[in-house]
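Here are my notes on this one, as numbered points. Have the model open while you read.

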Amino acid sequence: MSMSKLRARLLGVLVSLTGLLAATGAQPTAAASLPDSLWFDGLSLTVQNGRFTDDLGREVVLRGYNVSGETKLEENGGLPFASVADAKKSATALRALGGGNVVRFLLSWAHAEPARGQLDTSYLAAATDQLRAFLDAGIRVQPDFHQDLYSRYLFHTGSWDTGDGAPKWAVDAGSYPQESCGICFFWGQNITQNQAVKHASYDFWHNAYGLQDAFLTTAQQTMTYVRQHLTDAEFAGVVGFDPYNEPYAGTYDSGQTSRTWERDVLWPFYEKFRARMDAAGWQDKPALVEPNLFWNAGIDSQKQEGGLLDAGTLGPRYVFNTHFYDQKAISGILMWGKASDGQYANDFAAIRDRASAAGTAGVVSEFGHPLSGTVSDKAPTVLKAMYLALDSRLPGSRWWTNLSASGPVLSGTQWQWDIYSGRHHELMNGNRDKVLTSGDAWNGEDLSAVRLDDADTVTPRQDARLLDRLYPSATAGTTVAFAYEDRSRDGSTTLTWNPVPSSLPNVAQLVGSGQYGLLVWRSNGGSAPTELHLPASFPTAATTVVSDLGTAYAPPSYTRTTPIAVAPEPGGTGSRRLLLTAPDQGVLHYALVTNGTKAPSAPLLAAVRAELSGWAGAHF
């Protein structure tokens with residue numbers, strides 16, 4: 001019997017014993033020691049049937065942010081935060097204001113190995129302490145060795161741009177030309193136009209000067225350090241590891257294509273990294289592997305064939321991990337106007353399909369849009385369209401009538417959550433005459449969802465209705481369909497892209513002008529509840545739930561026998577969740593959650609339930 005199956009059977013015995021204790025009046029012990037934990041919390045994740053799955057067999061959706069671009073800078077020594085106190089402040093706000101249950105936690109190779117072969121354990125200690133602040137807030141973590149343009153040390157004090165990633169000694173090992181992007185309007189053009197960046201990237205992928213070997217050794221030592229300095233309960237909150245951000249060949253060999261480069265160069269690197277994870281004690285965690293950066297480029301002239309097409313079935317040891325930015329919208333030229341309903345449905349459907357074909361889960365670990373500058377007016381619609389595409393592969397206008405095509409809910413982490421936004425003090429490329437303070441302080445970017453106000457309180461820079469979202473964080477069974485209408489705003493205009501159809505008049509009356517979400521799932525026979533994160537805009541006293549499990553206005557506190565209930569999320573941040581208990585097997589369930597009509601009447605709730613039952617029955 002495999003160790004994973006043995007653990008699953010032992011866990012089943014534990015769950016049965018817990019139920020027996022509850023039946024005899026004893027209180028079950030929470031699986032983790034975090035504040036507000038319940039008996040089904042604190043579980044590790046694996047990948048099963050193409051989904052993130054916890055130890056109780058529930059499908060898990062991860063939503064959160066990148067923490068953060070600060071790691072790219074030198075002002076805090078390659079760390080996301082100046083202190084653990086700041087990390088804790090950020091984590092609490094991310095949970096309470098941003099609704100996140102995961103962060104992609106950026107690490108720096110340059111700071112982990114500042115001299116060749118010398119691991120900086122003081123850096124790793126500080127990074128681990130800051131990482132722990134998120135685990136303590138009930139937020140899962142996926143570390144990422146980050147890089148952009150290979151290294152900042154390819155650039156000089158007079159450069160227009162900068163990079164991050166590889167240490168100085170790695171750059172000194174090669175004889176690279178002086179960096180120059182030529183005629184470049186965006187920093188990303190350095191990837192394909194800057195000869196220094198291209199040559200250095202090529203050398204890394206071909207292990208020139210032993211660079212890749214050195215990186216893999218440092219990665220293994222980093223993972224070993226993190227594993228040894230987290231408790232088992234803390235380590236259960238670590239999702240996996242992202243080996244390399246936005247990989248690109250630099251330049252292709254004669255006769256090589258983007259697809260053969262993935263097959264012959266990138267995938268062997270991931271296999272080596274996977275072996276290092278195993279050696280470091282991460283054998284039960286997946287590697288979150290990214291394909292060629294340009295596999296899903298939004299501009300046709302930039303798109304390159306890829307997506308790890310020749311890697312075969314990835315299975316539970318790898319996750320298909322990709323990014324998505326609308327480069328047309330960012331260009332300011334190639335997309336006039338703003339995004340609309342269904343704008344990215346096909347793009348995110350391609351991510352779902354590629355992950356499914358690879359036999360694993362999919363995650364969009366970066367997406368976002370500039371919040372200042374000439375194209376910032378597009379941000380409210382672009383981000384709303386991206387979140388809708390994460391929730392469902394259908395446009396909102398088609399969701400109610402084509403329910404079975406909604407597809408799985410995608411996990412994702414928005415770029416980014418930087419509490420220092422707009423108050424940096426970064427010497428660009430070490431130039432004391434070029435101190436960057438505004439935005440992200442990196443190559444003119446400004447994408448942070450938050451900032452610190454004058455009272456040093458974390459404050460959203462985007463509509464809270466867009467950021468703090470209803471989503472199914474754990475589904476006890478299989479998600480059939482999910483949609484959320486956030487009613488976020490573009491200026492003074494409320495955006496409603498998933499209106500309730502006129503064929504459901506009582507549902508429309510209950511929802512009114514409020515926000516609403518609707519989950520349809522098929523149960524798995526487990527006793528653990530389905531969980532949906534409740535945004536702050538859904539106070540318990542004003543939340544209505546209509547389900548085949550019953551109806552509830554101002555749902556009660558959770559007990560194991562309460563079908564519709566509310567409880568705090570673990571971590572003590574004040575965030576809350578809706579818990580839906582349906583301990584049956586293979587039964588189709590639905591739940592509408594809204595903050596619309598206040599104190600709805602019993603006849604209205606009954607009418608809404610009848611409409612939804614008929615609607616669900618008509619589709620299944």
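**Notes on the model**

1. Let's start with Tyr-252: leaving aside neighbours within four places in sequence, Tyr-252 is in contact with Thr-257, Ser-258, Trp-261, Asn-292 and Gln-304 (contact means heavy atoms within 4.5 Å). Tyr-252 sits in the loop between α9 (232-235) and α10 (258-279). Helices here are DSSP runs of H or I with at least four residues, strands are runs of E with at least two, and both are numbered from the N terminus.

2. A word on provenance: this is a predicted model, in which local features need pLDDT of at least 70 and side-chain atom pairs count only at pLDDT 80 or more, while totals for chains, interfaces and linings use all residues. Residues are numbered from 1 along each chain as its sequence is written, and side-chain values use heavy atoms, with hydrogens and water left out.

3. The cut-offs are under 20% relative accessible area for buried and over 50% for exposed, with partly exposed in between (1.4 Å probe, protein chains only). Tyr-252 and Gly-412, 160 residues apart in sequence, are 30 Å apart in space, C-alpha to C-alpha.

4. Gln-256 is also placed in the loop between α9 and α10. Gln-256 counts as buried because its relative accessibility is 17%. Beyond its neighbours within four places in sequence, Gln-256 is in contact with Trp-261 and Val-265. Trp-261 is on the contact list of Tyr-252 too.

5. The largest nonpolar core has 110 residues, and Phe-134, Tyr-150, Phe-269 and Trp-417 touch the most other members. Such a core is a set of buried Ala, Val, Leu, Ile, Met, Phe, Trp, Tyr and Cys residues joined through side-chain atoms within 4.5 Å. Apart from that core lies another, of 24 residues, including Leu-394, Leu-403, Val-511 and Leu-604. In soluble globular proteins, nonpolar side chains tend to be buried together.

6. Finally, the whole chain. It comes to 17 helices and 25 strands, and buried residues make up 59% of its 620 residues. For 620 residues, a compact globule would have a radius of gyration near 25 Å, and the 24 Å of this chain agrees (taken over C-alpha atoms; the rule is 2.2 Å times the number of residues to the power 0.38). The C-alpha trace spans about 75 × 55 × 55 Å along its principal axes. Among contacts between residues at least 6 apart in sequence, 74% join residues at least 24 apart.
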